[in-house]
Amino acid sequence: MFTPKYPPQDTAPIPTAPAPTTYSPTAYVPAPAPAPVSNRPAVQLTAGSTLTLIAGGSAAVLVVGTVLVSMLLAVAITAASVAVCAVTVRSILKSDRR
């Protein structure tokens, strides 16, 4: 299952010298490939759709920013409360020694 599977080795003989080529004016020349045709219509941005995209992007940035700032504030409040608890416990333990 985990053993690698390699493709079979190429068994074609290695040519020693290039074969001489002769010019033939009747040689087949392939036609260029046609451009790909898509059934989907091209996206066209109008003024209204551009404003909608800008408003949506701005709203997304504001929402993500609000969430990140809220998380940072929650961490800061938690750290402050842990510090206050540590000082209180230290004070209680220090007063018990005396």
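This dialogue walks through the overall form and the surface of a predicted model.

Colleague: What should I keep in mind about the numbering and the model before I start?

Modeller: Residues are numbered from 1 along each chain as its sequence is written. As the model is predicted, local features need pLDDT of at least 70 and side-chain atom pairs count only at pLDDT 80 or more, while totals for chains, interfaces and linings use all residues, and side-chain values use heavy atoms, with hydrogens and water left out.

Colleague: How many helices and strands does the protein have?

Modeller: Helices (H or I, at least four residues) and strands (E, at least two) are DSSP runs, numbered from the N terminus. Here the protein has 1 helix and 0 strands. Its radius of gyration, taken over C-alpha atoms, is 37 Å, well over the 13 Å that the globule rule gives for 98 residues, so the protein is more spread out than a compact globule; that rule is 2.2 Å times the number of residues to the power 0.38. Along its principal axes the C-alpha trace spans about 110 × 55 × 25 Å.

Colleague: Is Pro8 buried or exposed?

Modeller: Buried means under 20% relative accessible area, exposed over 50%, and partly exposed in between, with a 1.4 Å probe and protein chains only. Pro8, found in the segment before α1 (47-97), is exposed because its relative accessible area is 78%. Leu68, which lies in helix α1, is also exposed, with a relative accessible area of 51%. Of the 98 residues of the protein, 0% count as buried.

Colleague: What separation lies between the C-alpha atoms of Pro8 and Val63?

Modeller: Those two atoms are separated by 55 Å, and Pro8 and Val63 are 55 residues apart along the chain.
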